[in-house]
Amino acid sequence: MPQSLDDQYSLGDSIVDMGGGDGIDDPVQDNRPRILIMGLRRSGKSSIQKVVFHSMNANDTLFLESTNIIIKEDFQSFIDFHVWDFPGQLDFFDPTFDTNAIFGEYGALIFVIDAQDDYMEALTRLHDTVTRAYRVNPNLFFEVFIHKVDALSDEYKIETQRDIHQRTTDELADFGLEKVSLGFHLTSIYDRSIFEAFSKVIQKLIPQLPTLENLLNILCANSGIEKAFLFDINSKIYIATDSSPVDIQSYEICSEMIDVIFDISEIYSKRTSTRNDSGMSQSIKSAIQPTTDETASDASSLVRLHNDMVLYLKGVNRFLALVCLIPSDNLEKHGLIDYNFQCFKQAITDVFDLKRLSIERRLEEDIDDDDISI
Amino acid sequence: MNAIVSLVHFCEVDGPSVIFCTQAFHKKVVEDYADGLSVSSGEIFPDRPLNESPRENGIQANRKEPSNIGRPAPASCASCAFVLPPMNTSGDAKVPSAYEIKGFRTDDDENPMVTYIGSRYPQHSQLYAAVRQACVRSLSCEFCCQGREGPVLFGDDKDGYVLSYMFKIKDNNARGFQRWYSFIFLMTDRVYLVASWPFLVSKFRTLATSLQSRANQVFEKENAARESRQDDSFLSRSGPISPTSPDLFLRRRSKQPLRSLVDLLKTKDFYVLLHANFSWILKACGRRLQERHLNDQKLVIVGNIDSCAFSQKTKLLLDPIYCYDAKGTNSNSSSCSTDEFDTRIDHIKDLYDLLGVQTFRKLVLNFARGNQMIIRSSEPTFVKSVVTILKDLMPSEYCEVLEDANEYQPLTECNILGLDETIKIPDEIDKSTICLATKFDLKFGVEESDVGINDMDNLYINQLSGILKLNLQIEFISIRLLIFREQWSSKAKQYRRFIMGGNENCNLDKEREIAKALDINEIDLPIIRFLSGYSKI
């Protein structure tokens with residue numbers, strides 16, 4: 001009996017090490033959440049993936065090739081993901097593709113719409129995709145990125161978002177899928193909005209999110225911190241933040257601070273490998289070599305801003321760093337803040353260990369099951 | 001060999017699409033296929049007249065996505081279009097405009113039964129489905145290595161097996177400045193495809209590199225032209241390629257369809273050349289390997305399992321079944337007609353493998369001692385080949401050979417006698433002086449035990465056996481044999497000199513001395529005598 005394409009011939013992932021794994025080599029079939037980036041052709045899917053996960057310069061995405069196959073990549077951080085970038089020309093609900101293998105795993109489906117173009121065709125495809133994917137896997141999270149909004153004025157942005165939201169909910173209601181909740185985000189690769197949007201998507205996929213938020217809340221309350229973000233260093237996506245509302249400018253400044261600090265630290269770090277000057281920006285190369293090693297877990301940095309706020313960065317572990325905005329008055333109790341941070345770090349490590357232990361236990365159970373079956 | 005070769009492309013608009021296919025047809029099929037096509041006597045044949053094409057356009061408007069089964073969707077964009085130069089008809093200019101060229105037909109010069117038809121899609125809907133499937137898989141699912149060009153083999157029983165060679169072609173207008181193309185070779189026979197892998201990959205690679213070099217030339221030229229234009233007039237908007245901002249750049253590019261291969265490579269008759277190449281590949285691939293059925297043929301086992309005669313030359317495998325066990329009895333099973341295959345033994349090593357150690361040693365012993373060798377078989381080629389092998393062992397001037405004799409000739413006439421199986425050997429001959437070889441059995445002659453082999457080793461036979469026992473390449477063994485022959489020939493020359501020096505009537509002591517001097521055993525002396533030509537004396 002002929003097997004379908006992806007099932008029989010899924011040739012493994014192209015693994016891009018985003019900062020070292022946690023030592024467990026999981027195959028594709030494990031329970032890692034999967035993020036699918038779909039959309040019409042030329043909507044910006046590959047650019048998003050490159051900018052966010054490979055730290056590519058946004059202007060360099062002009063020279064990206066058209067994607068012809070599904071590019072599967074690994075995103076390793078506090079939590080491990082797969083990110084799949086789809087070519088826009090193919091219809092993946094064709095019977096020759098194994099829709100179960102593609103859409104069946106736990107994760108999120110991000111649909112990218114080009115806001116600068118006429119989006120009616122995109123909407124048709126969106127409705128089509130959502131209805132069919134929901135049929136295959138009702139547990140998928142659906143997100144819509146209204147992309148390339150950097151050239152639009154503010155009113156136009158809001159207008160577009162409202163329009164798309166309206167049409168989509170109407171369409172889905174016609175199909176009887178009111179309970180499908182879609183998240184809408186206005187994004188652009190030329191500013192931080194894409195990172196913010198991605199952060200929100202990933203947060204939906206982290207089961208430990210409430211715990212992390214709680215920890216951050218406690219930390220902030222007891223240390224006089226105004227806003228804290230727990231960042232993944234390589235991709236600049238924040239995993240968690242405390243409960244106060246997120247202001248996009250604070251997010252921007254925190255993520256830029258991480259860039260600056262780690263770029264400066266590169267100057268003074270040991271040269272472990274040679275860099276070649278390729279045509280593309282060097283940030284791509286640096287993304288592939290782990291920029292975080294042991295020093296990241298002990299990193300600490302402080303930047304005083306003009307508005308009497310202080311940006312305080314503390315490395316948590318290999319992948320994560322805490323960046324907080326503290327009013328400069330509160331910084332007088334520096335030692336207290338550091339002590340609180342140590343507790344926080346310990347708590348994060350415990351959560352991390354718990355996750356690892358549960359995976360190990362699950363692996364053992366699988367092995368035991370295999371033994372029994374033999 | 002039934003196969004389809006085709007060129008496929010990952011189009012910006014349509015995704016994976018088939019550009020061109022070539023298929024081989026045998027004569028009786030072509031006539032059925034030609035309905036709806038007026039087959040002209042030339043190579044290019046025209047399509048239906050123009051009034052039917054609006055119907056096709058109607059189909060085009062209804063179909064948005066190319067469907068996998070059923071009728072193929074017509075070309076919807078320029079980049080995957082199958083564009084041909086207008087037909088050159090001398091004289092009447094009115095006729096060509098009404099016709100649209102649909103494909104090519106090439107007749108095979110050497111085999112009038114075969115024609116190669118080249119067109120956008122294969123005609124049968126099932127084949128179309130298979131080609132389209134292969135196209136999608138080749139460009140969008142399988143890859144030999146991420147982003148790299150190269151061959152991949154995949155497939156299944158339902159849609160056939162595909163060898164796909166992917167490559168990129170540079171294009172100034174394309175995203176990332178390059179586009180993906182792939183050559184596909186589709187056939188149902190997986191084993192044949194795997195066997196043809198090296199040939200096909202090398203041919204596809206040559207074809208791809210030639211296309212790429214041509215495209216690179218055009219690319220460089222365009223780049224140079226653009227730069228020189230930019231130097232001259234910084235602000236002028238001359239042509240579609242020079243934008244004034246990244247947005248306009250992108251916007252402009254997305255509206256324009258990409259160029260077809262004809263424009264990209266600047267070769268007007270690109271598809272003609274492609275069809276010619278594909279037809280050649282089909283023909284050469286079919287010719288390169290041929291399959292033969294072996295009817296009821298089995299492995300020949302001679303002696304015991306250790307000396308199993310599995311000859312590398314398949315010709316020998318096609319002998320009728322012949323079983324010979326260690327005791328010497330033979331049982332002849334059904335002999336099927338071997339008229340179409342000629343059985344030969346090409347090398348003495350094969351003879352060694354076939355006969356087995358014991359029989360071979362006996363053969364050599366008898367032969368080297370000067371007994372007459374009679375090779376008897378119903379196949380003259382077989383006889384000739386064995387005779388040739390034996391003849392090579394001996395210096396030619398002392399060895400008389402008679403192949404293909406009509407009747408028996410005594411030892412005085414010839415040393416090696418090749419006879420047909422039907423010819424009888426007269427009974428009055430002394431059996432110890434002849435050795436009869438019928439296929440793989442030796443009769444008469446002397447045995448090693450007769451000659452007193454138990455006390456000392458027969459050096460000649462041992463050395464020869466030793467060389468042939470080696471499991472090394474044939475060339476190496478041939479060299480060793482040559483060395484062996486030369487060594488013994490030089491010993492023979494020395495012996496000849498010794499005899500000529502007046503030692504004809506030598507006694508036992510002298511014999512022992514000469515044997516020691518020549519570094520052989522006494523038992524080898526008859527052999528040396530034969531080699532030096534004195535055995536007849």
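**Salt bridges and other details**

Modeller: Let's start with one residue of this predicted model: A:Asp163 counts as buried because its relative accessible area is 16%.

Colleague: Which side chain does A:Asp163 meet in a salt bridge?
Modeller: The partner is A:Arg167, at 3.3 Å from N to O. A:Arg167 is partly exposed, with a relative accessible area of 35%.

Colleague: How many salt bridges turn up over all chains?
Modeller: The search of the whole structure gives 17.

Colleague: Is B:Lys168 buried or exposed?
Modeller: B:Lys168 counts as buried, because its relative accessibility is 15%. A:Glu65 is at 24%, so it counts as partly exposed.

Colleague: And what does B:Glu12 pair with?
Modeller: B:Glu12 forms a salt bridge with B:Arg175, and the closest N and O atoms are 3.4 Å apart. This pair links distant parts of the chain, 163 residues apart. B:Glu12 is in the loop between β1 (3–11) and β2 (15–26) of chain B, while B:Arg175 is in the loop between β7 and β8 (178–187). B:Glu12 is buried at 10% relative accessible area, and B:Arg175 is buried at 19%.

Colleague: Which residues are linked with them in a network of salt bridges?
Modeller: The network consists of A:Arg41, B:Glu12 and B:Arg175.

Colleague: Changing topic: which side chain of opposite charge is nearest to A:Glu73?
Modeller: A:Lys50, at 4.8 Å. A:Glu73 is buried but has no salt bridge, because a salt bridge needs the nitrogen and oxygen within 4 Å.

Colleague: Then what does the side chain of A:Glu73 make a polar contact with?
Modeller: One is the side chain of A:His54, at 2.8 Å. Another polar contact, of 3.1 Å, joins it to the side chain of A:Gln49. A:Glu73 itself lies in strand β2 (residues 71–75) of chain A.

Colleague: Where is A:Glu226?
Modeller: In the loop between α7 (209–223) and β7 (227–232) of chain A. Beyond its neighbours within four places in sequence, A:Glu226 is in contact with several residues, including A:Asp242, A:Met309 and A:Pro327. Its C-alpha atom is 9.8 Å from that of A:Asn330, 104 residues away along the chain.

Colleague: Zooming out, how many helices and strands are in chain A?
Modeller: Chain A has 11 helices and 11 strands, and buried residues make up 53% of its 374 residues. Chain B has 17 helices and 16 strands, with 46% of its 537 residues counted as buried.

Colleague: What pLDDT does chain B average?
Modeller: It averages 68, and 58% of the residues score at least 70. Over residues 296–341 of chain B, pLDDT stays under 50, and the model has 74 contacts there beyond four places in sequence. Residues 236–245 of chain B also stay under 50, with 11 such contacts.

Colleague: And what are the ipTM and pTM?
Modeller: The model scores ipTM 0.72 and pTM 0.62.

Note on methods
Residues numbered from 1 in each chain as written. Chains lettered and ligands numbered in written order. Predicted model: local features only at pLDDT ≥ 70, side-chain atom pairs only at ≥ 80, totals over all residues. Heavy atoms only, no water. Helix = DSSP H or I, 4+ residues; strand = E, 2+ residues; numbered from the N terminus. Buried < 20%, exposed > 50% of the residue type's maximum accessible area, 1.4 Å probe, protein only. Lys, Arg positive; Asp, Glu negative; His and termini not counted. Polar contact = N/O pair within 3.5 Å; in protein donor to acceptor, adjacent residues only side chain to side chain. pLDDT = per-residue confidence, 0-100. Contact = heavy atoms within 4.5 Å.
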